[in-house]
Amino acid sequence: MSNLSTYLKIAHAGPSERKDIIERAIPRELGTYDGDGKIVSVRELLLTEAIESTTLIQTEMYNTVMEGAEPQKCFRQAVQMLRTNSNTLRVPYGSSGTYAGEVAEGAEVPIGQQDYAYRDFTIKKYGTRPLITRELIDDGLFDAVAMEVRKAGASVENRLNQLVLTCLLDNAGNEHDTVGSNQGIKAIASAVGLVKEDGYIPDTIVLCPQAEALTLNEFVPTGYVGADAAMAGRLPSLMGLRVFTCGVTDDSSTYTWQYDSDGDIGMLVYDSRNAGGIAMRRDLTVSRYEDPIRDLVGCTVTARFGVNYLAANAICRVKY
């Protein structure tokens with residue numbers, strides 16, 4: 001749990017109140033780095049120095065942003081993360097598979113040739129500013145400040161999820177239509193088969209919340225392997241696939257990321273090595289700002305990245 005609200009209280013407290021908060025709210029074992037890079041006790045540091053002379057608030061601001069982003073993480077773990085030092089990234093991709101030819105004894109081994117195509121990842125900047133007014137600070141509403149900072153981290157992570165989700169929905173080369181029946185595990189098995197038919201090895205599934213609930217119902221109550229995990233509120237591995245749930249709203253003009261009426265798309269089954277990825281130029285970054293005109297203080301939370309798909313047939317949509 002972030003200590004941001006505690007550190008803000010210390011920064012705006014009087015001498016006696018400050019000492020009381022430090023002794024009551026800061027664990028003795030909590031450590032941090034001082035200006036020389038040495039690990040020191042946070043409690044001792046705050047009792048001997050003003051908090052403004054440390055980097056504790058800046059550090060906890062970043063930690064709080066990450067705390068808000070963490071529960072939203074999905075696609076950064078479900079697709080490839082590609083590092084780039086430029087504002088564009090060109091990624092080559094080939095066919096799903098090739099076959100070696102027969103070579104006679106003593107004959108020259110032919111060179112394997114493949115026609116490569118490319119996908120361009122265009123890096124864009126995404127960000128937000130948590131609404132922190134001077135009134136919140138003056139009134140001591142530090143928990144509300146921490147809440148706004150967490151929301152900022154979640155907002156940027158949700159945008160990343162939305163972009164990847166929309167890209168995969170719009171560009172999937174396969175689609176399994178359940179036609180209103182066998183919409184859980186059997187639908188997943190059918191989607192796996194479609195991806196395999198095109199020469200790819202599916203290893204990942206992403207479900208919308210309704211699809212997750214429907215699939216969980218097939219495990220409860222049953223004697224299936226994984227039923228214990230389902231009873232604990234999480235899906236086990238399905239058909240050997242890594243399982244993720246993404247509840248953001250898609251930005252597709254063609255498909256709807258739901259799973260409760262005809263035409264909805266509620267699952268994506270794909271080969272994560274070939275489906276697409278995220279080109280990350282700069283991950284979540286927190287920068288301080290001050291806006292005296294609007295009487296605001298706080299930080300900006302930004303990231304720079306681009307998303308794209310690679311092989312369309314490595315992806316399969318599952319339609320309700």
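I take helices as DSSP runs of H or I with at least four residues. The model I am working from is predicted.

**Entry 1: Thr 215**

I looked up Thr 215 and found it in helix α9, which covers residues 209–217. Is Thr 215 buried or exposed? Its relative accessible area is 0%, so I list Thr 215 as buried. I then looked for its contacts, leaving out neighbours within four places in sequence. Thr 215 is in contact with Gly 184, Ile 185, Ile 188, Leu 207, Leu 235, Leu 238 and Met 267.

Next I went through α9 for buried residues and noted Ala 211, Glu 212, Thr 215 and Leu 216. These buried residues line one face of the helix, because they fall within an arc of 135 degrees when I look down the axis of α9. An α-helix has 3.6 residues a turn, so residues three or four places apart point the same way.

**Entry 2: Val 269**

I moved to strand β10, residues 265–270, where Val 269 lies. I count Val 269 as buried, at 0% relative accessibility. Which residues does Val 269 touch, not counting those up to four places away in sequence? I wrote down Ala 191, Val 192, Val 195, Pro 202, Thr 204, Ile 205, Leu 241, Ala 314, Ile 315 and Cys 316. The C-alpha atoms of Ala 191 and Val 269 are separated by 6.4 Å, with the two residues 78 apart along the chain.

**Entry 3: positive phi**

Most residues other than glycine have a negative phi. I noted Asn 182, with a positive phi near 50 degrees. Asn 182 sits in the loop between β7 (174–177) and α8 (185–197), and its relative accessible area of 48% makes it partly exposed.

I also noted Met 239, not a glycine, with a positive phi of about 55 degrees. I placed Met 239 in the loop between α10 (227–231) and β9 (242–245). Met 239 is partly exposed, at a relative accessible area of 46%.

**Entry 4: cysteines**

How many disulfides are there? With a cut-off of 2.5 Å between cysteine sulfur atoms, I count 0 disulfides. Cys 74 is in no disulfide, and the nearest cysteine sulfur, in Cys 246, is 4.5 Å away. I list Cys 74 as buried, with a relative accessible area of 1%.

Technical notes: Residues are numbered from 1 along each chain as its sequence is written. This is a predicted model: local features need pLDDT of at least 70, side-chain atom pairs count only at pLDDT 80 or more; totals for chains, interfaces and linings use all residues. Side-chain values use heavy atoms; hydrogens and water are left out. Helices (H or I, at least four residues) and strands (E, at least two) are DSSP runs, numbered from the N terminus. Buried means under 20% relative accessible area, exposed over 50%, partly exposed in between (1.4 Å probe, protein chains only). Contact means heavy atoms within 4.5 Å. The arc is that of the directions from the helix axis to the C-beta atoms.
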